[in-house]
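Look at the structure below. The report that follows covers a helix pair, a sheet and one further helix.

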Amino acid sequence: MVENFNASWEGYFILLGFSKWPNLEVVLFVVILIFYLMTLTGNLFIIILSYLDFHLHTPMYFFLSNLSALDLCYTTSSVPQLLFNLWGPEKTISYAGCMLQLYFVLALGTTECVLLVVMSYDRYAAVCKPLHYSVLMNSRFCHLLAVASWVSGFTTSALHSSFTFWAPLCGHRQVDHFFCEVPALLRLSCVDIRANELTLMVMSAIFVVIPLILILSSYGAIACTVLRMQSTTRLQKVFGTCGAHLTVVSLFFIPIMCIYLRPPTENSQDQAKFIALFYTVVTPSLNPLIYTLRNKDVRGAVKRLTGHEREL
């Protein structure tokens, strides 16, 4: 086992990615590069704006800044390698690089699942408990929730990625994906992987299904509260903030569920690549647009920082 580990550590993997469609690779390179630059620009904009404008020093924008930081790290953990492989003939990644990539992809993806639950609780407290909101979502509790989200993601990933690489690969090097991902790596193993598959199923249930249930429960309670509202202005504001969060939740969870919670089929691997491309490249670039489009708080913050609005 030690000899096998040392041999693997010095080796490499070949990420097949989209090599089945060589004519598509140039197009994908350009499109992915554009979305990656949008992700960097949009999420950095939210982080910097939320930090500089004290009007945005609220729980909602604190968690949104964490989400933006997550999206920046999440895309950067896989997209640069993907762009490198699409641009040139080399499609290899070192064994150590693959381990690190798997660890960070799992860690950041799991953290985002938990953070989206936290953000839905924040919206629940704001809409359903407005008189107690400042007490419920005090600064210390918000920081505790954020730290818990990050720690849970990175701790879980350490266990899951270690368990994945513990399975001997027996010299197999070709990963049928554009990044190091658990199901693709498990297919390289030459031993019984039922324990790994069971672990993957349990982890998917804990960090995908349960968070989704909690989020939907929060918005069920919000919907009941909204239906009793008399103020049209407050109703529009609730729909604006909660609608944006629900859109982000849908764009993140639906593709992941299509990959990890459906039975494998003959063409499922090729479909999984394009679905994974959506939630690793497209979704992080859309999140800033969804949260800032038609957002009066953000527009006001931009005007204040650029000097177009005088403080009273």
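Helices α2 and α11 cross in the left-handed sense, meaning that the near helix is turned anticlockwise from the far one by less than a right angle. Their axes lie 9 Å apart, at an angle of about 35 degrees. Axes are lines fitted to C-alpha atoms over the stretch in contact, and angles run from 0 to 180 degrees between N-to-C directions. Contact means heavy atoms within 4.5 Å. Among the contacting residues are Leu 28 and Phe 35 of α2 and Val 281 and Pro 288 of α11.

This is a predicted model: local features need pLDDT of at least 70, side-chain atom pairs need 80 or more, and totals for chains, interfaces and linings use all residues. Numbering starts from 1 along each chain as its sequence is written, and side-chain values use heavy atoms, without hydrogens and water.

Helices (H or I, at least four residues) and strands (E, at least two) are DSSP runs, numbered from the N terminus.

| Element | Residues |
|---|---|
| α2 | 22-52 |
| α11 | 268-292 |
| α5 | 95-128 |
| α4 | 79-87 |

The open sheet runs β2-β1-β3, with mixed pairing. Strands pair if DSSP finds at least two bridges between them. β1 and β2 are antiparallel over three bridges. Tyr 12 stands opposite Ser 94 in β2. Helix α5 packs on the sheet and touches β1 and β2.

In α4, Val 79, Leu 82, Leu 83, Asn 85 and Leu 86 are buried, that is, under 20% relative accessible area (1.4 Å probe, protein chains only). They share one side of α4 because they cover an arc of only 165 degrees around the axis, taken from the directions from the helix axis to the C-beta atoms. Phe 84 and Trp 87, on the other side, are exposed, or over 50%.
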